[in-house]
Amino acid sequence: MPSESRCWETLQALRSSDKGRLCYHRDWLLRGEDVLEECVSTPQLSSYAGWVVDHVLPHTQENLSPSETSTSSRSTSGLDQPSFVPKSPIRSLAFSPASPRTPATPDGTKGKRESQHTEPMLLQSSRGIKVEGCIRMYELVHRMRGAGKRESQHTEPMLLQSSRGIKVEGCIRMYELVHRMRGAEGLRLWQEEQERKVRALSEMASEQLKRFDERKELKHHKEFQDLREMMEKSSREALGQQEKLKAEHRHRAKILNLKLWEAEQQRLKRVEQERLRREEGQVRLRSLYAAQEELLHLNQQLDSVGQHRDLKVDLLALRSRGNQLCGLISGIIRTTSENGFPTAEDQAVAESALQEMRDLLADARACEDKRRQEEEEAQVKRQEAQAQQRPEVRKECPAPSQGPGGKRSEDLQVKVQDSTMQWYQQLQEASRQCVLAFEGLTSSKDSQVKKIKMDLQKAATIPVSQISTIAGSKLKEIFDKIHNLLSGKPVQSGGRSVSVTLNPQGLDFVQYKLAEKFVKQGEEEVASHHEAAFPIAVVASGIWELHPRVGDLILAHLHKNCPYSVPFYPAFREGMALEDYQRMLGYQVKDSKVEQQDNFLKRMSGMMRLYAAIIQLRWPYGTRQEVHPHGLNHGWRWLAQILNMEPLSDVTATLLFDFLEVCGNALMKQYQAQFWKMMLLIKEDYFPRIEAITSSGQMGSFIRLKQFLEKCLQRKEIPVPKGFLTSSFWRS
């Protein structure tokens with residue numbers, strides 16, 4: 001109907017107004033008597049609702065047709081009947097924002113379009129909606145009628161006056177219902193449309209996925225084909241390259257084999273030439289040695305010529321020239337030993353010198369024969385003169401024999417100096433007295449005393465065995481432990497507390513065993529590992545400085561086990577057993593079997609290295625005010641005395657090398673020019689003496705000493721020994 005259509009427009013305008021967007025609750029009318037009591041006052045509609053009733057509804061009725069007007073009037077008159085008017089006031093209700101408007105769409109166009117389609121259907125059912133609204137109002141009025149007749153009588157005129165507001169309320173409710181139905185229908189249609197679109201999109205996505213899988217599979221197949229073709233191509237190229245390399249390798253191998261064959265031929269040729277050169281060199285060397293031997297023999301004969309008579313100027317000149325020739329041959333041999341084999345020029349020079357020596361000897365003998373003949377003639381003349389003067393002739397005794405130059409030749413001594421021998425005997429006596437001092441401890445059969453002896457021996461020897469070059473802090477711990485033991489303080493050994501005060505003879509026993517262990521370490525540990533001499537020596541030097549008696553016992557054990565450290569060469573006495581004499585020389589004899597010479601030299605070398613390290617080292621944590629108890633002056637004394645004694649085969653060269661390698665650098669810094677003079681003396685005077693008594697099978701130690709000394713003289717420096725304890729060692 002037209003009026004109803006205008007009503008809807010009015011209601012739409014009300015809904016779009018500010019009042020229509022306010023929140024309200026419909027359930028307030030159902031809350032009970034409390035709410036109804038609040039509604040005693042006269043019901044009031046909003047000012048906007050009154051304006052709509054006064055201004056909008058009259059215009060809508062004017063535009064209605066006569067039939068619609070009559071219908072509207074009938075419906076209005078029907079609503080104005082007393083039976084439909086509620087007897088209690090009704091509060092004006094506002095629109096709820098939660099009421100459905102148009103269906104929610106992304107752009108609002110869909111809801112508008114759906115409303116246009118559904119509007120004819122809703123207009124056709126407007127009368128049913130209006131009837132439903134009237135029914136709902138009747139139910140509401142019927143529920144409110146029970147509020148009391150007394151109240152309804154007072155409010156009836158007022159409610160009759162607000163019939164138009166009730167009609168508006170009904171229209172509002174009908175509008176909400178229609179709007180809700182329209183929204184539900186639109187939502188259903190929108191959902192169906194969305195489901196359809198989703199299905200269409202799903203099918204399209206499925207088809208696209210299939211196409212994508214097909215394209216991907218095609219791409220993989222193409223890539224696989226390309227990769228296979230590339231691999232086949234690379235394989236063909238690699239095979240071709242391999243064949244080419246094989247051909248080049250065969251060609252190079254052929255060339256290399258040819259070069260190797262040529263090189264081998266050249267090597268064989270060089271080997272053959274070297275062999276021939278060596279053979280020729282050996283022949284020249286043997287002839288050179290033979291020439292030297294003959295030259296020395298001729299020089300000796302030259303020296304013996306006229307040794308019982310006064311020498312004249314011409315004979316002295318011959319002997320001087322002979323000595324020069326001997327020096328020339330010796331220089332040629334020395335140069336030959338350094339450079340290899342002698343050359344033909346060396347051999348020619350040696351033969352020329354030998355021939356000249358023969359001529360000198362012939363001239364000397366001729367001079368001697370001439371002099372003897374002149375002396376005989378002079379003697380005959382004197383005898384004739386004396387026979388004429390005296391009837392009796394007395395024969396004169398010849399002068400005592402003298403060496404060349406009128407003096408006896410002096411050789412090096414064999415025995416040690418008296419002062420050194422006396423010092424050696426004093427140390428051995430002190431060692432024997434120390435043994436007698438703790439004899440009761442060692443000979444006791446008491447189990448408790450034996451236990452104390454074993455604990456003391458372990459406490460003295462185990463720390464010495466633990467000395468190593470690991471760290472300076474570890475070495476200091478060992479030193480402190482030994483020092484505390486000797487000072488009478490208890491120390492831990494084998495899990496027990498040990499002290500020398502447990503037995504009156506404990507201190508003597510510990511001192512003796514400690515000194516013995518130090519020397520034993522040199523004999524065994526230093527002999528095998530030369531670097532171990534320095535940590536053992538620095539601990540021994542520190543203990544020696546704080547406990548001098550231990551140092552004397554160390555020297556006594558060292559001299560007993562290695563008499564060459566005195567230096568002292570024990571002499572064989574008549575009636576002495578051979579084994580006892582060998583023990584005096586330092587050899588170990590077990591079951592009548594003497595140890596091998598190599599092992600003997602190894603032990604002597606270890607003890608000499610330990611001694612050479614002791615005389616140059618001091619304990620770094622001790623007091624520097626006092627001098628070293630056995631310092632470098634004793635090393636200089638030993639070196640001077642060993643050079644004043646005749647050398648021993650294989651022993652002297654070994655000990656000299658060990659001593660100079662360990663202590664040479666310290667002696668060089670201490671004595672400087674005097675030290676180098678002594679080195680020159682060893683080279684020029686002592687080497688020939690060692691070489692003269694050394695057999696060909698024992699030349700190893702002599703050659704080692706000679707090379708070491710010549711290298712040091714060439715560089716004017718003796719290197720620091722390997723394993724020397726530096727300042728960084730004590731910081732570790």
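Colleague: How many residues does helix 13 have, and what span does it reach from its first C-alpha to its last?

Modeller: This is a predicted model, where local features need pLDDT of at least 70, side-chain atom pairs count only at pLDDT 80 or more, and totals for chains, interfaces and linings use all residues. Residues are numbered from 1 along each chain as its sequence is written, and side-chain values use heavy atoms, with hydrogens and water left out. Helix 13 covers residues 447-465, and its span is close to the 27 Å expected at 1.5 Å a residue. So the expected span is 1.5 Å times one less than the number of residues; helix 13 has 19 residues and reaches 26 Å.

Colleague: Which residue has a side-chain oxygen at the start of helix 13, and which backbone nitrogen does that oxygen reach?

Modeller: The side-chain oxygen belongs to Asp446. It comes to within 3.3 Å of the backbone nitrogen of Gln448.

Colleague: Which elements cover the buried residues of helix 13?

Modeller: Buried means under 20% relative accessible area with a 1.4 Å probe, protein chains only. Val449, Ile452 and Leu456 are among the buried residues of helix 13. Their cover includes helix 12, helix 14, strand 1, strand 2 and helix 15.

Colleague: Are helix 15 and helix 17 parallel or oblique to each other?

Modeller: Their axes, lines fitted to C-alpha atoms over the stretch in contact (heavy atoms within 4.5 Å), come within 8 Å and cross at roughly 45°. Angles under 35 degrees count as roughly parallel, over 145 as roughly antiparallel, 65 to 115 as roughly perpendicular and the rest as oblique. Helix 15 and helix 17 are therefore oblique.

Key. Helices (H or I, at least four residues) and strands (E, at least two) are DSSP runs, numbered from the N terminus. Buried means under 20% relative accessible area, exposed over 50%, partly exposed in between (1.4 Å probe, protein chains only). A polar contact is a pair of N or O atoms within 3.5 Å; within protein, one must be able to donate a hydrogen and the other to accept it, and residues adjacent in sequence count only if both atoms are side-chain atoms. Axes are lines fitted to C-alpha atoms, for helices over the stretch in contact, and angles run from 0 to 180 degrees between N-to-C directions.
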